[in-house]
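Dear colleague,

I am passing on the structure we talked about, together with notes on what turned up when I went through it. Please look at the model first and then read on.

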Amino acid sequence: MSLPEMGDLSSKTSADNIKAEVFSSPAVEAKPLSIEEMTAIAKKLRRHIISMIGKAGSGHPGGSLSAVEIVTVLYFNLLRHNPEDPHWPDRDRFILSKGHAAPLLYAALAECGYFPVDELITLRQLDSRLQGHTDRTVTPGVEMSAGALGQGLSFGIGVALAGRLNSQQYKVYVLLGDGECDEGQVWEAAMAAAHFKVDNLVAIVDNNGQQIDGWNRNVMNLAPFSEKWQSFGWYVIEVDGHDLSQLMEAFDRAKLVKGQPVVIIAHTVKGKGVSFMENNPDFHGKAPNAGEVQIALKELE
Ligand SMILES: Cc1ncc(C[n+]2csc(CCOP(=O)(O)OP(=O)(O)O)c2C)c(N)n1
Ligand SMILES: [Mg+2]
């Protein structure tokens with residue numbers, strides 16, 4: 001499609017012609033939970049992450065733990081989805097671009113009912129539906145096969161534009177890592193999303209300050225990060241990524257922004273919730289041993 005044609009599309013964003021009855025099925029209304037309930041779920045997800053990766057003997061605990069509150073708010077407060085019908089055409093989409101945080105997504109999907117919680121412990125086993133990086137062809141609820149960083153925002157823009165073309169009301173949420181933003185493709189996507197006024201898309205950056213080799217400021221300095229997104233035409237919201245209320249407010253605010261994409265920069269701590277993993281680059285891609293699993297689970301009681 002030529003660029004002027006796509007430009008025309010962006011002026012047709014009005015939801016006026018959308019049939020409200022399509023979205024009114026009570027079966028797919030998420031029941032918003034209280035902060036206390038979500039806090040308990042966040043802890044449960046952290047426990048799953050530790051147990052799964054510990055049992056598998058490999059995986060990425062740090063970047064799974066840092067995004068727990070983000071994913072909790074999305075799946076247990078915000079998303080319109082139906083675990084009994086993972087392909088429901090009007091579902092909101094959550095796209096995990098940082099595919100190495102798959103254990104977190106699997107834990108949330110299992111707790112929502114996409115598949116049995118008991119299955120979590122099969123992480124990374126041969127023939128398991130839960131591989132080390134996401135595979136949308138085998139895992140119910142997974143929207144994108146990921147693992148090669150940098151692709152999720154482009155994928156999300158495509159899904160968002162498709163929704164606009166089809167006059168569907170769903171929203172697209174893409175979770176990126178901050179180290180992932182070293183990838184040039186992220187900025188190509190950022191430019192495109194603003195150009196096409198993709199306002200049914202929200203990017204969330206898990207800004208935990210670290211990547212595989214340590215602190216971002218030493219590997220590849222992203223600063224000034226917020227200003228970069230702004231200069232690419234995005235509406236930027238910054239929050240404490242472990243504060244459920246701030247996250248909920250940010251997502252509410254994002255819904256009101258029209259004519260431009262929104263990025264929520266969520267300031268987080270890598271390894272959050274487990275003392276010896278917090279801000280420790282060693283636990284980017286290393287499993288806890290049996291003793292460390294016990295200590296971590298004790299801390300997460
Ligand atoms: C294209 C690509 N290059 C390199 C890697 C290897 N890799 C896996 S995780 C990671 C670091 C990612 O850092 P960040 O996005 O900040 O993730 P988080 O801190 O949330 O774990 C890298 C470089 C990859 N998966 N894909
Ligand atoms: Mg990071």
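Is Gln211 buried or exposed? Gln211 is buried, with a relative accessible area of 13%, where buried means under 20% relative accessible area, exposed means over 50% and partly exposed lies in between, with a 1.4 Å probe and protein chains only.

Before the rest, a word on conventions. This is a predicted model, in which local features need pLDDT of at least 70 and side-chain atom pairs count only at pLDDT 80 or more, whereas totals for chains, interfaces and linings use all residues. Residues are numbered from 1 along each chain as its sequence is written, chains are lettered from A and ligands numbered from 1 in the order in which they are written, and side-chain values use heavy atoms, with hydrogens and water left out.

To finish with Gln211, its place is in strand β4; helices (H or I, at least four residues) and strands (E, at least two) are DSSP runs, numbered from the N terminus. The side chain of Gln211 makes a polar contact of 3.0 Å with the side chain of Asp182 and another, of 2.9 Å, with the side chain of Asn216. A polar contact here is a pair of N or O atoms within 3.5 Å; within protein, one must be able to donate a hydrogen and the other to accept it, and residues adjacent in sequence count only if both atoms are side-chain atoms.

Asp178 belongs to the loop between β2 (172-177) and α7 (184-195), and Asn208 to the loop between β3 (201-207) and β4 (210-211), so the pair ties together parts that are 30 residues apart in sequence. Asp178 counts as buried at 1% relative accessibility, and Asn208 counts as buried at 5%.

The site of ligand 1

Around ligand 1 there are 18 residues, of which the closest are Lys98, Gly147, Asp178, Gly179 and Lys270; a residue is taken as near a molecule if one of its heavy atoms lies within 4 Å of it. A polar side-chain atom of His100 is 2.7 Å from an oxygen atom of ligand 1, a polar backbone atom of Gly147 is 2.7 Å from a nitrogen atom of the ligand, and a backbone N or O atom of Glu180 is 2.8 Å from an oxygen atom of the ligand. On its own ligand 1 has 590 Å² of accessible area, and the protein covers 78% of this; such areas come from the Shrake-Rupley method with a 1.4 Å probe, and for residues only the protein chains shown count as cover.

As for Gly147 itself, this residue is found in the loop between α5 (102-112) and α6 (152-165) and is partly exposed, with a relative accessible area of 31%. The C-alpha atoms of Gly147 and Leu96 are separated by 9.3 Å, although the two residues are 51 apart along the chain.

Other places to look at

Arg91 sits in the loop between α4 (68-78) and β1 (93-96) and is buried, with a relative accessible area of 9%. A polar atom of the Arg91 side chain lies 3.1 Å from the backbone oxygen of Pro86. In helix α4 you will find Leu78, which counts as buried at 10% relative accessibility; Leu78 and Pro32 are 46 residues apart in sequence, with their C-alpha atoms 7.3 Å apart in space.

Some backbone details may also be worth a look. Ala223 and Pro224 are joined by a cis peptide bond, with omega about -5°, and Pro224 is in the loop between α8 (216-219) and α9 (225-231). Asp127, in the loop between α5 and α6, has a positive phi near 70° while not being a glycine, and at 80% relative accessibility Asp127 counts as exposed. Asn279 likewise is not a glycine and has a positive phi of about 55°; Asn279 lies in the loop between β7 (262-267) and α11 (290-299) and is partly exposed, with a relative accessible area of 36%.
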